[in-house]
Amino acid sequence: MRLVSKCPLNYILFEPRISRGGFRWKANASYDVPVKKWKQDSIFIDRRGRFQHFDHKKVSRKRCGSLRGRGWKYGSGFVDGIFPVLSPIAQQILTFVKKERDPERIWSALDTLRPTDHTWDDIINVAVQLRINKQWDLIILICEWILCRSSFQADVICYNLLIEAYGQSSLVKKAESTYLALLGARCVPAEDTYALLLKSYSKCGMLDKAEAVFSEMRKNGLPPSALVYNACIDGLMKGRNPQKALAIFDRMKCESCKPSTDTYTMLINLYGKENKSYMALKVFNEMKTQKCKPNICTYTALVNAFARGGLCEKAEEVFEELQEAGFEPDVYTYNALMEAYRIMP
């Protein structure tokens, strides 16, 4: 089977779900073929039984990965917010690696691919698709083949994919080794590279090494941005270290780094999980004071915070506010509201 793609690649950029940000729907095609627009229903019924309209352009929750970046440029930065349209050859590769259980057979099949630019694009697109589906083991397998066995010269995208996959699999030592290999290959680490490494260290409680990442960034003339601080906070929350996450949030503000929508949403989630809805509301109000616009995930987090405390009326108020802001409630929002009714005294 010849796995040589002659199909130009298309990409669809979109805004991911937080921190699971700032992407809008946009399609780029090599042939400049117009992309059909999909008409969505823009009517919903509010809790008073009245018909309301919303603007789909304001809906901020779209499918993608866990770490949120500012975007992606081919050949630099980290793949984030990219939904690849796979070529026929890439689709064959994806189907094969998903079905095949023997790593050696997968590597042997990949060995038969011709080392062309089209092949490289196909392999990276497959890895990105696997990332969307959170299939970290397969990403590790493909990226290790690129580094250890192929004739391709790995770039920062490949290293970042591998660092994240190791981090998600709690293989911090391997994530660290991959970072060192990146430096040894004379690749320039991007902001996302530091963020991924920082998240891995924070998640596993290796706080000294996390601080070393901050220091290295400053040494290289790259002051930590909201994206980097968000990665640290996210890792600390996943590592069940909420107090340190709050300390990083305070430090972020002290260092004049403006928190993003994702930052505030994570803090609201943090207080919600600790049954401190009053603090979640305080963060939400601070966010609006700082003219940082909440998105659907922010509202859902606040609904959830009130729901955990059985504060149905407050949860309903936030639910109505998000609709008035032009957002469409999704399954996460409805589940949060139902939780409020379930534990209502």
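Start with the salt bridges: a search of the whole structure finds 13, each being a side-chain nitrogen of Lys or Arg within 4 Å of a carboxyl oxygen of Asp or Glu. The structure is a predicted model, in which local features need pLDDT of at least 70 and side-chain atom pairs count only at pLDDT 80 or more, while totals for chains, interfaces and linings use all residues. Residues are numbered from 1 along each chain as its sequence is written, and side-chain values use heavy atoms, with hydrogens and water left out.

**Stop 1: Glu104 and Arg149.** Select these two side chains, which meet in a salt bridge at 3.2 Å, N to O. Glu104 lies in helix α2 (residues 103-111) and Arg149 in the loop between α4 (136-148) and α5, so the pair ties together parts that are 45 residues apart in sequence. Helices (H or I, at least four residues) and strands (E, at least two) are DSSP runs, numbered from the N terminus. Glu104 is partly exposed, with a relative accessible area of 42%, and Arg149 is partly exposed at 33%. For these terms, buried means under 20% relative accessible area, exposed over 50%, and partly exposed in between (1.4 Å probe, protein chains only).

**Stop 2: Arg131 and Glu164.** Next, select the salt bridge between the side chains of Arg131 and Glu164, at 2.6 Å, N to O. This pair links distant parts of the chain, with Arg131 in helix α3 (residues 117-132) and Glu164 in helix α5, 33 residues apart. Arg131 is buried at 2% relative accessibility, and Glu164 is buried at 3%.

**Stop 3: the largest cavity.** Stay with Glu164, which is one of the residues that line the largest cavity. The space inside is about 70 Å³. A cavity is a set of points on a 1 Å grid over the protein atoms alone where a 1.4 Å probe fits but cannot get out, and lining residues have an atom within 4 Å of a point. Grid points are joined across faces, edges and corners, and the volume is the space filled by probe spheres set on the points. α5 and α7 each supply at least two lining residues, and the largest share, four residues, comes from α7.

**Stop 4: Asn160.** Select Asn160 in helix α5 (residues 156-168). Asn160 is buried, with a relative accessible area of 0%. Its side chain is joined to that of Thr193 by a polar contact of 2.7 Å. A polar contact is a pair of N or O atoms within 3.5 Å; within protein, one must be able to donate a hydrogen and the other to accept it, and residues adjacent in sequence count only if both atoms are side-chain atoms.

**Stop 5: the Arg251 network.** Select Glu211, Arg218, Arg251 and Glu255, which are linked in a network of salt bridges. Within this group, the side chains of Glu255 and Arg251 meet at 3.5 Å, N to O. Glu255 is partly exposed at 38%, whereas Arg251 is buried at 19%.

**Stop 6: two loop residues.** Most residues other than glycine have a negative phi. Ser256 has a positive phi of about 60 degrees and sits in the loop between α10 (242-254) and α11 (261-273). Ser256 is exposed, at 68% relative accessibility. Then select Arg186, where phi is near 60 degrees, in the loop between α6 (172-184) and α7 (191-203). Arg186 is exposed, at 78%.

Definitions and conventions: 1 Å grid on protein atoms, 1.4 Å probe; cavity = no way out; pocket = protein on both sides within 12 Å on 5 of 7 lines; lining within 4 Å.
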